Amino acid sequence: MSPAELIHLATEVRKKAFAPFSHFTVGAAVANAQGDYAVGCNVENAAFGSTICAEAGALSQAVAQGIEEITNIAIVTETGAAPCGNCRQLIAQLAPNCHVHLASTAALQIRTLSIRELLPDAFTSLE
Ligand code: THU
C-alpha cells in the first residue's frame with residue numbers, strides 16, 4: 001500500500017475520532033508490506049489521562065489482527081503533528097523499522113520520518 005493510500009485510510013478514520021474535550025482529531029493507519037492494515041482514531045476520556053491516542057488504537061488493532069512487521073504508519077491531524085512520547089515508544093516496540101508519514105490537512109503537507117529519528121536510542125528490552 002502506498003503512503004498516499006495509507007494517509008487516505010487515516011483521513012477517513014479521523015472523521016470518527018471522539019474528541020469532545022480537545023476538539024483535536026487524529027487518524028492513524030498502519031500497514032505491512034503485504035498490504036494488511038489497521039486503523040485507529042483518538043478516543044478521549046473525561047479523566048483526561050485515560051485518553052487513547054489514534055496510534056495506540058491502530059497498533060492495538062494490528063496486534064489483535066495478527067498483523068506483523070509493520071512498515072508504514074500514517075498519522076493525520078490538522079497541523080501535521082508528530083506522535084506523543086507514549087506513542088513513539090509503542091511504535092518503536094511494535095514497528096521498529098517503520099516509516100512514519102505525518103500529514104497535515106491544513107497545508108496538505110506530508111513529512112516522512114523513521115521511528116528511529118523520532119525516538120533515537122529507544123528502550124526496547126528489560127534485559
Ligand atoms: N493524540 C493522539 O491521538 N495522538 C498523539 O500522538 C498525540 C495526541 C490525541 C490525544 C487527545 O485526544 C488529542 O490528541 C489532544 O492531545
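Which residues have the most contacts inside the largest nonpolar core? They are Val30, Ile70, Ile73, Ile91, Cys98 and Val100, in a core of 21 residues, where a nonpolar core is a set of buried Ala, Val, Leu, Ile, Met, Phe, Trp, Tyr and Cys residues joined through side-chain atoms within 4.5 Å. Buried stands for under 20% relative accessible area, exposed for over 50% and partly exposed for what lies in between, with a 1.4 Å probe and protein chains only. This is a predicted model, in which local features need pLDDT of at least 70 and side-chain atom pairs count only at pLDDT 80 or more, while totals for chains, interfaces and linings use all residues. Residues are numbered from 1 along each chain as its sequence is written, and side-chain values use heavy atoms, with hydrogens and water left out.

The protein has four helices and five strands, which follow one another from the N terminus as α-β-β-α-β-α-β-β-α; helices (H or I, at least four residues) and strands (E, at least two) are DSSP runs, numbered from the N terminus. The five strands form an open sheet of mixed pairing in the order E2-E1-E3-E4-E5, two strands being paired if DSSP finds at least two bridges between them. At its edges lie E2 (37–41) and E5 (109–114), each of which pairs on one side only. E1 (residues 27–32) and E2 run antiparallel and are joined by five bridges, with alanine 29 standing opposite valine 39 in E2.

Leaving aside its neighbours within four places in sequence, isoleucine 70 is in contact (heavy atoms within 4.5 Å) with Val30, Ala31, Asn32, Leu59, Ala62, Ala95 and Cys98.

Helix H3 (residues 85–94) has Cys87, Ile91 and Ala92 as its buried residues. These cover an arc of only 140° around the axis, which puts them on the same side of H3; the arc is that of the directions from the helix axis to the C-beta atoms. They pack against H2 (54–64), E3 (70–77) and H4 (115–118), whereas the face of H3 turned away from its buried side carries the exposed residues Gly85 and Asn86.

Of the 127 residues of the protein, 38% count as buried.
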